Amino acid sequence: MRITDTSDLWWKTAVVYCLDVETYLDWNGDGCGDFEGLAQRIDHLADLGVTCLWLMPFYPTAERDDGYDITDFYGVDPRLGTHGDLVEVIRTANDRGMRVIADLVVNHTSIQHPWFQRARQSRDDPFHDYYVWRDDEPPDTSAQVVFPDQEDSTWTYNEATEEWYQHRFYKEQPDLNVADPRVRDEVAKIMGFWLQLGLSGFRVDAVPFFLEVEPEDAGELPDPHQYLRALRALLGRRTGDGILLGEVNLPHEQQVEFFGGADGDELTMLFDFVGMQALYLSLARADAGPLRTALTERPAVNPDSQWATFVRNHDELTLDKLSDDERQEVFAAFGPEERMQVYGRGLRRRLPPMLDGDPRRVRMVYSLLFSLPGTPVLFYGEEIGMGEDLDAEGRLAVRTPMQWTSGSNGGFSTVEDPDRLPGPVVDGGFAPEFVNVADQRRDPDSLLSFMELLIRRYRESPELGWGHHTVLDQPHPEVLAHLCSWDDGALVAVHNLGPEPRKVPLTLEDCGADHRLVDLLQPGEEAVAEDGGVELALEGYGYRWLRVVAPGSRRLV
């Protein structure tokens, strides 16, 4: 492989940044974030080092599920702006070296969508079969609902047609029937429309639910994955290098199927939910063992495919792949109060408050994130260490207004009435007077400055996205040491998940006294013994990235 190959498969070394336009920056002073405000902050993202901007739903919505209950797949919510405003954002982002992707939410619609408004009136309406129905009273499906505190069944009765419609999420979000060829055609047209406006792909919401077909409809679509392959092919024809980043919260071995197996012809990228949950268990125990296991058991995928790594996203921090006892360990460490937990399976907190605001631990975790093999994904506000609002409902706790300054409304909006904001600004120790972009931009020791350095070093180290990774043997259970190597580059990353300093002995194969280990996050370097041995000093919650420099290497360090 060559360094120039990284421009073809750009997603393997990307830095993805997720934001909700509604909560990012209000430019017209009405209390709601908008595309014009986002355009004003594109340079903040460019300076940070973001290369791919992921927009949460900006479509017209009935506001039952924070924008995920869509009433028009081809529209832009007028509170946020117009199609023209969106295109201006895409154009400006592209000029700064950023691609833009958006949420593709096609497993359901809003109950207010015109398709369902017609479908629910008559079984003879052409749109009726766009949705999933049953004549007989459904069995108990309470164990299958996604929001167990809000719904007790995945089916709701519709009086006009005297049948039940399916909804995995809220009853206001009826599921689309992917077995119907007209639905499949609509999804392709929706993708084509937004690609034509300049998007570089999509983050695909709830993919397993989207592809799920009721047994009686299986004859219409015997292999749903064939349809997913067709959507990937459509994306390739329309863009050449577009991506599908899939939400597939399943065990690793089942995730491989959604990549398209060895062929890699379905989803381009998948979030590594298993690795993320193992990370939190490791943090709770101060033991790198669970994360070490998740990394070594992560299955091999097609070279064009990629894992997306993250420590936080816009939903609850799900812990559903942990055992009951393991989940309780994480709850005890990071969410001991019931109000910090949600659905009995996850946390509704951001990382800094979970770590008691300890800057050593926060920086160690983000250093670990960017050194893990894969493509890192950030949620807005992570670059400055934003906190959560536990008084907000459910997952809205982490979807608070972005904190730009220490001024009124955190610089998010000039509106005087706080009730017009999409939600309250965080108060307490993580309020804007303590955590904001403007102050951190002027502080070389801030978290923002550290994140900029991490991203720069990550972008200079393509082996992290492309290379082969090996977990290195060493005697300390709280330490994770791993090596990523690719082409002529190799990087050793060492992280201490515990509070006590450690001396970490390592042996690097094919290295000798003529090699050097050069620190990438701080000044200094380490000598290597003739047998490849080296001993690295780590502070409590310490972290180091070291470039392996061979004799005659021309890599810049």
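**Labels and the values behind them**

Mentor: Let's start with Thr71, which counts as buried because its relative accessibility is 18%, and buried means under 20%. Keep in mind that this is a predicted model.

Trainee: Where is Thr71 found?
Mentor: Thr71 sits in the loop between strand S2 (52-55) and helix H4 (83-95).

Trainee: And which residues is Thr71 in contact with, leaving aside its neighbours within four places in sequence?
Mentor: Contact means heavy atoms within 4.5 Å. With those neighbours left out, Thr71 is in contact with Pro60, Thr61, Ala62, Ser110, Gln112, His113 and Pro114.

Trainee: What about Asp125, buried or exposed?
Mentor: The relative accessibility of Asp125 is 17%, and the cut-off for buried is under 20%, so Asp125 counts as buried. Asp125 is in the loop between helix H5 (114-119) and strand S4 (133-134). Not counting residues up to four places away in sequence, Asp125 touches Arg118 and Ala119. As for Trp115, 10 residues from Asp125 in sequence, the two C-alpha atoms are 9.8 Å apart.

Trainee: What makes Gln403 buried?
Mentor: Its relative accessible area is 0%. Buried means under 20%, so Gln403 gets that label. Leaving aside neighbours within four places in sequence, the contacts of Gln403 are Ile384, Met386, Gly410, Val425, Val426, Phe430, Ala431, Pro432, Val435, Asn436 and Val437. From Gln403 to Tyr68, 335 residues away along the chain, the C-alpha separation is 24 Å.

Trainee: Which residues of helix H9 are buried?
Mentor: In H9 (residues 252-259), the buried ones are His252, Gln255, Val256, Phe258 and Phe259.

Trainee: How do you know that they are on the same side of H9?
Mentor: They cover an arc of only 160° around the axis, which puts them on the same side of H9.

Trainee: What do the buried residues of H9 pack against?
Mentor: They pack against helix H7 (207-211), helix H8 (224-239), strand S9 (269-271), helix H10 (273-285), helix H11 (289-297) and strand S10 (306-309). After H9 comes Gly260, with a positive phi near 95°.

Trainee: Which phi value does Ala206 have?
Mentor: Ala206 has a positive phi of about 45°, although Ala206 is not a glycine. Its place is the loop between strand S7 (201-204) and H7.

Trainee: Zooming out, how do you know that the protein chain agrees with a compact globule?
Mentor: With 557 residues, a compact globule would have a radius of gyration near 24 Å, and the protein chain has 24 Å, so the two agree. Its C-alpha atoms fill a box of roughly 80 × 55 × 50 Å along the principal axes. Buried residues make up 62% of the 557 residues.

Trainee: How many helices and strands are there in the protein chain?
Mentor: The protein chain has 17 helices and 22 strands. Of its contacts with a separation of 6 or more, 68% are between residues 24 or more positions apart.

Trainee: Last one: how many positive and negative side chains does the protein chain have?
Mentor: There are 51 positive and 99 negative side chains, and the centres of the two sets lie 4 Å apart. The protein chain exposes about 21,800 Å², with 46% of that supplied by carbon and sulfur atoms.

How values were computed
Residues numbered from 1 in each chain as written. Predicted model: local features only at pLDDT ≥ 70, side-chain atom pairs only at ≥ 80, totals over all residues. Heavy atoms only, no water. Helix = DSSP H or I, 4+ residues; strand = E, 2+ residues; numbered from the N terminus. Rg over C-alpha atoms; globule rule 2.2 N^0.38 Å. Buried < 20%, exposed > 50% of the residue type's maximum accessible area, 1.4 Å probe, protein only. Areas by Shrake-Rupley, 256 points an atom, 1.4 Å probe, with all protein chains shown as cover. Lys, Arg positive; Asp, Glu negative; His and termini not counted. Charge placed at Lys NZ, Arg CZ, Asp CG, Glu CD. Arc of directions from axis to C-beta.
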